[in-house]
There are 2 protein chains.
Amino acid sequence: MAEDCDTTADTPAGVWAAADWGTSNLRLWVLSCDDRLLARIGDPRGMLTLSSNGFETVLRERLSPWLGTGQRLAVVACGMVGARQGWIEAPYLPTPGRPIEMARLRRAPVSRDDLDVTILPGMAQAEPADVMRGEETQVAGHLAAEPHFDGLICLPGTHTKWVRCRNGRVERFRTCMTGEFYALLAGHSVLRHALEGAGWDDQAFADAAREAARHCGAVIDGLFGIRASSLLTGTSAAQSRARLSGLLIGAEIGTMRDEWQDRPIVVIGSGRLTPLYARVLADQGAAVATVDAEAATLRCLAAVHAQLRTEAT
Amino acid sequence: MAEDCDTTADTPAGVWAAADWGTSNLRLWVLSCDDRLLARIGDPRGMLTLSSNGFETVLRERLSPWLGTGQRLAVVACGMVGARQGWIEAPYLPTPGRPIEMARLRRAPVSRDDLDVTILPGMAQAEPADVMRGEETQVAGHLAAEPHFDGLICLPGTHTKWVRCRNGRVERFRTCMTGEFYALLAGHSVLRHALEGAGWDDQAFADAAREAARHCGAVIDGLFGIRASSLLTGTSAAQSRARLSGLLIGAEIGTMRDEWQDRPIVVIGSGRLTPLYARVLADQGAAVATVDAEAATLRCLAAVHAQLRTEAT
C-alpha cells in the first residue's frame with residue numbers, strides 16, 4: 001500500500017489514522033504516509049457510549065499529538081461509527097456485491113477542517129435478512145491480498161460472521177450470535193455458578209466441540225449438564241468453561257458445515273477465539289487458514305486512504 | 001386424597017398447607033383436612049432471596065391466619081427449599097427410581113412446634129449429570145393419577161424437564177435451558193431492540209417452531225436475523241417475539257424427538273408455555289395431552305400429607 005508521500009495535502013509526514021469503531025470500543029492506528037504503524041491506541045468509548053457529536057471529541061482527544069500542525073489529518077473509519085446510532089449513517093452496501101465502494105463512503109461532519117473523517121458503510125443482505133458493519137473491511141483487506149479467493153471467511157466475535165466470497169465480491173453471509181450466547185450464559189445464567197474460578201481445559205473444549213459439531217442438539221440439552229456436573233461431581237471451573245465454549249463453537253461450526261465443506265476457509269480474527277475456531281474447523285476436516293484481523297483491517301483502510309489521496313490530487 | 005379427618009393431631013379443622021418453594025417465588029396452598037382448597041397464596045420471596053432461617057419467618061407471616069390455634073399446622077413442601085442453599089438440604093433421590101420416598105423426607109428445623117414442616121427431596125441423575133427439584137412432585141402427582149403411565153412428561157419452564165416414566169418410576173430425564181435462553185436473549189441481548197413493543201403473532205410462532213423442529217441449527221444461525229429483520233424491514237415486536245419463542249421451543253422439541261416419538265407425552269404446566277409446547281408437539285405428530293401443574297402438585301403433596309398423618313397415628 002505504500003506510495004510516494006504527497007506532502008502538500010497532508011501533514012509534513014503525511015500521517016493519517018485508521019479506525020475500527022465498534023459497539024464497545026475504538027481501535028485507532030496512526031500511520032505514516034507510507035503506511036508504517038506509528039501508534040496503536042485502544043479506547044473503551046464504543047458507539048454505545050456516545051451521542052453523534054461525541055465521536056469527534058474522542059478522536060480529537062486521542063489524536064491530539066498529531067493535530068494542530070497546520071495540516072489536515074485524514075481518518076478512515078469502519079464499524080458501528082457508520083450505523084444509524086453512530087456518528088453519521090453510512091447506508092449499507094447490498095449483498096451480493098463488493099465490500100467497498102468508493103462512491104458510497106461518507107464524510108463525517110467535523111467542527112474544524114484540520115480533521116477529515118471518512119466512514120465506510122457496512123453490508124446488508126435482504127434474504128435471509130442480515131447485516132454487518134466492520135467485518136466487510138476485514139473481508140476487503142483479505143480479498144485485496146488474495147484477489148482470486150473463492151471460499152469462506154469466518155470472523156469470530158460477539159456475532160460471528162460467515163462470508164461467502166468469490167471474484168472479489170461478497171456473495172452472501174450468515175451470522176451466529178455465539179459470542180453473545182457465551183457471554184450471557186457465562187455471566188448471567190445458572191451456569192455462572194459452575195464457572196467461578198479461573199482456568200481452561202483444552203481436552204474438555206475439544207471433546208465438547210466434537211460432540212456439538214456432530215449434533216447441534218448438544219447445545220439444546222447439554223448446557224444445563226454443565227451446572228449439574230458441577231453440583232454433583234465438582235467439575236472444575238476450567239472444565240466447565242471449556243465445555244461451554246466447546247459446545248457453542250462446535251454447534252456453530254457443525255451448523256455451518258454446508259458453507260465450509262469442500263471450500264477453502266480463512267478465519268480472520270485476533271485474540272483467543274481465532275485459534276479455537278481454527279482448531280475445531282481443522283478437526284472437522286476443513287481446509288482452514290488464519291489471518292490476523294489487524295493486518296486485514298489496515299490493508300483495506302490503507303487502500304481506501306490511498307484512493308482518497310489520489311482523488312484529492 | 002380425602003380421608004376421614006383426624007381432629008386430634010391437627011387444628012380442629014385439620015387445616016394443612018402445601019408449598020412449592022422455588023428459586024424466585026413461593027406458592028402456598030391452604031387446604032382443609034379433606035383437601036379442599038381454602039386459600040392460594042403467592043409470595044415473591046423465593047429461595048434466592050432467603051437465608052436458611054428466613055424461610056420460617058415467611059411461612060409464619062403468610063400462614064398467620066391459621067396459626068396460634070393451639071394445634072400444629074403441617075406444611076408439606078417441595079422445590080428449592082430443600083436445596084443446599086435452601087432451608088435444609090433434602091438430599092436428592094437417585095434416578096432411576098421413584099420420585100417420592102417417604103423415608104427420605106426431611107423435617108425442617110422450626111422455632112416453635114405449632115408448625116411442622118416436611119420437605120421433599122428432588123432427584124439427581126448420574127449420567128448424564130442432571131438434577132431436578134420440584135418437578136418430581138408434579139411427576140409423582142401425575143403418576144398417582146395414572147399409575148400405569150408409560151411415556152414422557154414434559155414440564156416447561158426456565159429449565160424445562162423431559163422425564164421418562166414407567167411403572168411408577170422415573171427412568172431418566174433431560175433438561176433444556178430454553179426458558180432461561182429466552183429471558184436472556186429477550187432481555188439482555190441485541191435482540192431486545194427488536195422486542196420493544198407488546199403483542200404476539202401465532203403464525204410467526206408456528207412457522208418458526210416448525211423450522212427449528214426440523215433443524216436445530218435454525219437456533220444457531222437464525223436468531224440474529226430477528227434483529228436484522230427488525231432493522232431492515234421493520235418487523236413488528238409481536239412477530240419478533242413470537243419468532244424468538246418459536247425458534248427456541250421448536251429447536252428443543254426437535255432435539256427431544258427420540259424421547260417423545262411413538263410414546264404418550266403429557267405436558268404439565270401452568271401459564272402460557274404449556275399450550276405453546278403442546279401445540280408444537282401436536283404439530284410435530286406427538287400424542288400429547290396437557291395436565292394442570294397445580295392439580296398435579298397438590299395431588300402429590302396431599303398424598304404425602306395423608307401418609308404422614310397415618311404414620312403419626
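Predicted model: local features only at pLDDT ≥ 70, side-chain atom pairs only at ≥ 80, totals over all residues.

The contact between them (heavy atoms within 4.5 Å) takes 35 residues from domain 1 of chain A and 32 residues from domain 2 of chain A.

Residues are numbered from 1 along each chain as its sequence is written, chains are lettered from A and ligands numbered from 1 in the order in which they are written, and side-chain values use heavy atoms, with hydrogens and water left out.

**Stop 1: between the two domains**

Stay with chain A. Domain 1 and domain 2 of chain A bury about 2700 Å² between them, and carbon and sulfur atoms give 65% of that. Buried area here is the accessible area (1.4 Å probe) that two parts lose on being put together, summed over both.

How many salt bridges are there between domain 1 of chain A and domain 2 of chain A? The count is one. A salt bridge here is a side-chain nitrogen of Lys or Arg within 4 Å of a carboxyl oxygen of Asp or Glu. Now select A:Arg40 and A:Glu294 and show their side chains: they meet in a salt bridge, 2.6 Å from N to O.

Next, show the side of domain 1 of chain A that touches domain 2 of chain A. Strands S1 (16-21), S2 (26-31), S3 (37-43), S4 (73-79) and S8 (123-125) of chain A are the elements that give two or more residues to that side. Helices (H or I, at least four residues) and strands (E, at least two) are DSSP runs, numbered from the N terminus. Sort that side of domain 1 of chain A by class and you get 20 nonpolar, six polar and nine charged residues. For this sorting, Ala, Val, Leu, Ile, Met, Phe, Trp, Tyr, Cys and Pro count as nonpolar, Asp, Glu, Lys and Arg as charged, and the others, Gly among them, as polar.

**Stop 2: a link between chains**

Zoom out and select A:Cys216 and B:Cys216. Their sulfur atoms sit 2.2 Å apart, in a disulfide (a pair of cysteine sulfur atoms within 2.5 Å). On each chain, the cysteine lies in a loop: A:Cys216 between helix H4 (202-214) and helix H5 (217-222) of chain A, and B:Cys216 between helix H4 (202-214) and helix H5 (217-221) of chain B. The torsion about the S-S bond of A:Cys216 and B:Cys216 is about 110 degrees, so this disulfide is right-handed. Over all chains, the structure holds one disulfide.

**Stop 3: where the chains touch**

Now show both chains: 40 residues of chain B are in contact with 40 residues of chain A. Between them, chain B and chain A bury about 3200 Å², 74% of it on carbon and sulfur atoms. Two salt bridges are counted between chain B and chain A. For a salt bridge to look at, pick A:Asp221 and B:Arg174, whose closest N and O atoms are 2.4 Å apart.

**Stop 4: back inside chain A**

Which residue does A:Arg60 meet in a salt bridge? Select A:Asp114: the two side chains are 2.9 Å apart, N to O. This pair links distant parts of the chain, 54 residues apart, with A:Arg60 in helix H1 (residues 54-62) and A:Asp114 in the loop between strand S6 (106-107) and strand S7 (115-119) of chain A. Over all chains, a search of the whole structure finds 42 salt bridges.

**Stop 5: some backbone details**

Most residues other than glycine have a negative phi, and most peptide bonds are trans. Go to A:Thr95 and A:Pro96, which are joined by a cis peptide bond with omega about 0 degrees. A:Pro96 lies in the loop between strand S5 (93-95) and S6 of chain A. Over in chain B, the peptide bond from B:Thr95 to B:Pro96 is cis, with omega near 0 degrees.

Finish at A:Asp35, in the loop between S2 and S3 of chain A. Phi of A:Asp35 is near 65 degrees, a positive value in a residue other than glycine.
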